[in-house]
Amino acid sequence: MSIEKQVDPGRRGLLAATCAAGGVVGLSATGALVSTFQPSERAKAAGAPVEVDISSLQPGEMKTVEWRGKPVWILRRTPEMIASLKKTDGQVADPQSKRNPDEFTPEYCRNEARAIKPEYLVAIGICTHLGCSPSTKFVPGPQASLPDDWAGGFLCPCHGSTFDLAGRVFKNKPAPDNLPVPRHMYLSDTKLIIGKDQKGEA
């Protein structure tokens, strides 16, 4: 003899509501878990890699982002800016970035442009003399505190060190080294990551 079990309609509604509530809690927990994979502000300050969108950066413009509490400059150079580097080759102290390379320039940036892509300079905007932040002096030609044949670059306001458009320090200046280039790589044509490259994190 078969006995048919009947479920009270009220209990059926309660069961459905409980399942739905459990699903919402499960989704919330999953969202919280996924958010923990994103680097926190503390992790970024400690040196977590930083992704940068450069899609809106126009030729001749520079963007500054923070990595490890330091300003990192991303300069999109014009063809004229890139061409000026040949002119400054003989005027800078370390044209091929051979001085203290492991500290200041990754292997893939030890070239005239100090870059993976000549169009983009990625450099830490801190003078290697006493830690001041240089000012941008992109306009070429004679101007205060700069030589008459100035081709464009950076001027440290503290003690007068000058750097070309590849962050290379000019000869006979207080700064002993070129501006540091952090480890970085391109994730796409419009995105790069600072503090990480094919070998791992800095």
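Guide: A residue counts as buried when its relative accessible area is under 20%. The model is predicted. By that cut-off D197 is buried, because its relative accessible area is 5%. The side chain of D197 meets that of R183 in a salt bridge, with N and O 3.0 Å apart. This pair links distant parts of the chain: D197 sits in strand β10 (residues 196–197) and R183 in the loop between β7 and β8, 14 residues apart. R183 counts as partly exposed, at 26% relative accessibility.

Another salt bridge joins D89 and R168, at 2.7 Å from N to O. Here too distant parts of the chain are linked: D89 belongs to the loop between α3 and α4, R168 to the loop between β7 (162–163) and β8 (184–186), and 79 residues separate them. R168 is buried, with a relative accessible area of 0%, whereas D89 is partly exposed at 24%. Salt bridges with shared partners join D89, R168 and D164 into one network.

K86 and E112 form a further salt bridge, their closest N and O atoms lying 3.5 Å apart. K86 is in helix α3 (residues 79–88) and E112 in the loop between α4 (101–104) and β4, so the pair ties together parts 26 residues apart in sequence. K86 is exposed, with a relative accessible area of 62%. A search of the whole structure finds seven salt bridges, including the K86 pair with E112.

Notes. Residues are numbered from 1 along each chain as its sequence is written. This is a predicted model: local features need pLDDT of at least 70, side-chain atom pairs count only at pLDDT 80 or more; totals for chains, interfaces and linings use all residues. Side-chain values use heavy atoms; hydrogens and water are left out. A salt bridge is a side-chain nitrogen of Lys or Arg within 4 Å of a carboxyl oxygen of Asp or Glu. Helices (H or I, at least four residues) and strands (E, at least two) are DSSP runs, numbered from the N terminus. Buried means under 20% relative accessible area, exposed over 50%, partly exposed in between (1.4 Å probe, protein chains only).
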